[in-house]
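Please look through the structure below before reading on.

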There are 2 protein chains.
Amino acid sequence: MKDSVIIKKVIESKQLNVNDHIVVGFSGGADSVCLLHALFQLADTYRLQIVAAHLNHNLRGMDSNEDATFAMNFARRHQITCVVKSVDIAKSAKEEGISLETAGRISRYQFFEEVAEKIGANKIALAHHQNDQAETILMNLIRGAGLEGLSGMPMVRDKIMRPLLHCRREQIEEYCRYWDLPYQIDQSNQETEYFRNKIRLELIPKIKKYQPNVIESIGKTSVLLEQDRQYIEEKVEEAYSEVLCYKTDKVISISPSKLLQYHPSIVSRVIRKAYMFFNTREQTISFDQVHHILSLLDQKKTEKEVQLPGEIKVLFKTDEIKIGKKEDIEKSYSEETMKEAIPLKIPGITRLVQRNGYFRCEVVNIEKMKNRGKDPYCQYFDFDQLPEHIVVRNRREGDRLKPLGTNGSKKVKDFFIDQKIPVEKRNMIPLIASENEILWVVGHRISELVKITQKTKKVLKIQFRSDKVQ
Amino acid sequence: MKDSVIIKKVIESKQLNVNDHIVVGFSGGADSVCLLHALFQLADTYRLQIVAAHLNHNLRGMDSNEDATFAMNFARRHQITCVVKSVDIAKSAKEEGISLETAGRISRYQFFEEVAEKIGANKIALAHHQNDQAETILMNLIRGAGLEGLSGMPMVRDKIMRPLLHCRREQIEEYCRYWDLPYQIDQSNQETEYFRNKIRLELIPKIKKYQPNVIESIGKTSVLLEQDRQYIEEKVEEAYSEVLCYKTDKVISISPSKLLQYHPSIVSRVIRKAYMFFNTREQTISFDQVHHILSLLDQKKTEKEVQLPGEIKVLFKTDEIKIGKKEDIEKSYSEETMKEAIPLKIPGITRLVQRNGYFRCEVVNIEKMKNRGKDPYCQYFDFDQLPEHIVVRNRREGDRLKPLGTNGSKKVKDFFIDQKIPVEKRNMIPLIASENEILWVVGHRISELVKITQKTKKVLKIQFRSDKVQ
């Protein structure tokens with residue numbers, strides 16, 4: 001039986017390496033029974049370690065439990081370890097506001113990854129075959145998919161492999177018959193996967209009447225499209241890192257001029273990729289949304305924005321495209337404003353754009369010092385000790401401060417740590433600085449170098465105010 | 001009616017420019033009637049010149065003639081010039097060994113091009129719409145197509161435009177009803193386009209039951225895929241000119257090492273493009289053939305070849321892939337051998353590889369000269385007048401010769417013309433040359449510079465022989 005069609009196709013798929021440690025997704029249906037058995041047959045030759053993993057979705061009451069029992073028994077008979085986990089898919093689907101199908105898929109892949117992680121397996125084998133592939137592609141075409149949808153499921157992606165992807169269902173059933181392998185009939189097909197079943201039970205049989213090899217034909221198409229998909233993905237990766245101005249956990253900034261040097265195929269995918277970075281719910285942007293974004297890119301208007309699902313905004317400015325949640329984008333501007341050092345007007349008012357804040361600098365009579373309160377946002381400096389050019393900016397790598405009341409100098413980073421200022425807030429704190437020294441960590445401490453002393457003749461008062469300038 | 005869906009879509013298609021001169025493919029069916037009428041409506045705004053072109057396929061006896069009469073009458077009523085041509089599609093299909101459908105398509109496009117050429121039109125408008133597109137894409141998917149097949153018909157390619165490509169058939173019929181436009185029902189649908197009709201009349205109505213918008217969905221898919229196709233085509237063009245060693249009318253030579261630096265998506269298309277260069281019959285290479293060629297590329301065997309339809313051969317050598325007819329490839333080797341200048345061994349034998357020929361050089365007694373016959377492939381030279389380094393090669397741009405018995409020097413090109421040597425043979429003629437001069441056009445004439453004179457002391461005899469060296 002080493003020369004069976006299935007075994008041959010599994011070998012030809014070139015996904016098996018010697019010493020592979022494989023988690024096999026094992027529903028107990030014909031496909032996964034065939035896969036588990038075929039890999040088991042090849043285990044000696046390839047020195048494989050095989051573990052079956054069964055997720056009980058609990059969608060069909062006792063039937064679900066029966067499947068789990070079947071899976072365990074089957075594995076035990078073949079002396080294969082079987083890991084079983086039980087989850088409430090209906091509940092998580094409801095909580096997440098997603099379909100049973102999506103919830104099931106997410107939970108399954110998570111479970112397989114968990115098992116692989118736990119036992120140190122390097123691969124996860126799934127039993128998808130050519131019929132599944134053809135159904136997926138037809139479904140996606142009918143729903144209106146792009147290249148990504150039409151290339152279907154890949155033979156291999158990350159840990160996941162699909163060694164049966166080039167096998168037809170008949171070949172799999174033939175294999176099970178030959179080896180007299182028992183399997184469970186999944187009744188959930190009729191319930192959870194309505195659309196797929198229409199495709200499988202009505203549409204494909206109809207197409208077969210005028211093209212009997214439709215499953216193989218679509219299979220070949222998917223191989224070709226998957227190759228093209230991979231090629232374009234490579235190019236998108238290159239472009240993405242090229243057009244990125246910067247990226248934080250919360251905001252992605254893209255150069256529109258760089259982006260526009262690319263072909264629309266690449267541009268639309270870069271936008272989609274940036275969007276997907278914020279998107280944990282498997283949502284995607286529609287054809288029309290991408291189209292709309294591309295048309296805005298071409299226009300030379302000053303500022304435009306597009307709202308995407310998941311409260312993600314794309315904000316276009318002439319020299320920058322920002323993607324993220326509204327508040328994160330706004331916040332990013334204040335951080336960014338401070339990235340550029342802004343010269344402090346002395347005397348005068350220096351605004352921090354987007355922060356709705358300003359510095360007021362005035363030279364005051366030394367007498368006024370006596371009335372000073374304890375406002376950490378209002379400080380007094382020895383005017384004659386101040387360098388000529390003073391700026392406001394946020395922290396830089398290597399910044400140092402001689403904190404008032406101490407002898408030595410320390411890294412601003414260590415000062416922040418001592419003051420227990422959380423990492424995410426540190427960029428937001430304005431610093432008053434000369435070229436070489438931090439003079440004031442606004443709201444926290446001034447520098448020993450510029451403090452008022454007995455010798456002070458002229459006093460500079462600097463206030464930071466978050467209110468609007470009148 | 002300027003705001004009708006059809007007119008809007010035509011304008012949105014952005015294929016119309018002011019002063020366009022357009023040939024409209026006009027079968028007389030609803031689609032082309034709608035297109036002709038819609039363009040006619042826009043003629044003032046865009047200052048269009050419109051000419052209808054009807055090809056009578058003569059496939060349905062009197063009905064075909066009726067269609068032609070209808071087309072002419074319709075055009076006349078709207079004061080549009082209509083060019084009609086009658087061809088025997090059945091005959092040309094038989095002669096060419098192709099289907100009626102293919103023969104019809106080729107003849108139609110040829111006819112439209114002819115008309116455009118003749119009247120100086122810059123565009124050809126065809127009435128394909130979104131339903132045609134969806135049918136085409138489904139047909140191609142079911143038959144097993146790649147990206148090119150699944151992207152369907154492009155909105156624009158060269159002169160051809162399809163302004164109705166984003167309109168559904170219902171919208172077109174609605175337009176004809178609104179304007180009370182008569183049209184012919186094409187009965188040939190049932191005969192020549194069996195498969196397309198199955199898709200249109202059986203499959204799509206079935207799919208519409210679970211996805212009513214399937215035509216628009218597939219339409220969107222085709223827009224996305226067409227964009228990707230164009231992107232990949234650009235990259236293929238770049239790669240093609242990069243990997244090409246040289247290209248003649250008959251042989252394409254490709255560098256395998258350069259080719260292998262590209263992604264398989266690109267490599268397979270470069271091979272296909274090279275093949276298509278020789279292919280006038282719209283044949284293409286199959287999935288399996290391309291796959292086979294790619295697998296040979298990866299192997300490090302010395303020499304392999306693949307036979308493709310149309311008697312085209314792909315010959316793999318370690319440093320070169322040649323594509324062309326068998327005899328042309330063989331011929332190319334002899335030409336090419338001579339491209340590299342080969343130093344002539346004096347005295348000695350110098351082989352011309354693949355040409356099965358060799359030069360024999362020997363210094364001979366001047367007495368031997370007396371017996372010389374009239375063999376144009378055996379010549380005698382004044383040894384002392386010969387430069388030190390002499391090579392054999394074929395002609396180069398700018399080569400000059402001082403033909404024996406003349407005073408001046410002339411271009412070798414002009415010498416060939418004078419001698420009435422046909423262009424295709426010129427590359428095949430070996431030249432004995434020094435760095436600056438042609439000394440012997442083998443088989444034709446030696447140079448005045450190296451002829452035997454009274455002063456000659458030492459004689460070099462050079463023979464060219466096509467026999468194998470013993």
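**From one sheet to two chains**

In strand 10 of chain B, B:Leu308 has B:Ile312 as its bridge partner. This is a predicted model, in which local features need pLDDT of at least 70 and side-chain atom pairs count only at pLDDT 80 or more, while totals for chains, interfaces and linings use all residues. Residues are numbered from 1 along each chain as its sequence is written, chains are lettered from A and ligands numbered from 1 in the order in which they are written, and side-chain values use heavy atoms, without hydrogens and water.

Strand 9 and strand 10 (residues 312–317) of chain B pair in the antiparallel sense over five bridges. Strands and helices here are DSSP runs numbered from the N terminus (E, at least two residues, for strands; H or I, at least four, for helices), and two strands pair if DSSP finds at least two bridges between them. Strands of a sheet pair through backbone hydrogen bonds, either parallel or antiparallel.

Which strands make up the open sheet of chain B, and in what order? Five strands form it, in the order 7-8-11-10-9, with antiparallel pairing. Strand 7 (244–247) and strand 9 (304–308) of chain B are the edge strands, each pairing on one side only. From one strand to the next, the twist averages 15°.

Two helices lie across strands of chain B. Helix 11 (residues 214–243) of chain B lies across strand 7 and strand 8 (251–254) of chain B, at about 80° to strand 7. Helix 14 (residues 287–298) of chain B lies across strand 9, strand 10 and strand 11 (320–325) of chain B, at about 170° to strand 9. Contact means heavy atoms within 4.5 Å; axes are lines fitted to C-alpha atoms, for helices over the stretch in contact, and angles run from 0 to 180 degrees between N-to-C directions.

Next come the cysteines. The structure holds zero disulfides over all chains (a disulfide is a pair of cysteine sulfur atoms within 2.5 Å). The sulfur of B:Cys34 is 5.2 Å from the closest cysteine sulfur, in B:Cys176, which is too far for a bond. B:Cys34 counts as buried because its relative accessibility is 0%; buried means under 20% relative accessible area, exposed over 50%, and partly exposed in between (1.4 Å probe, protein chains only).
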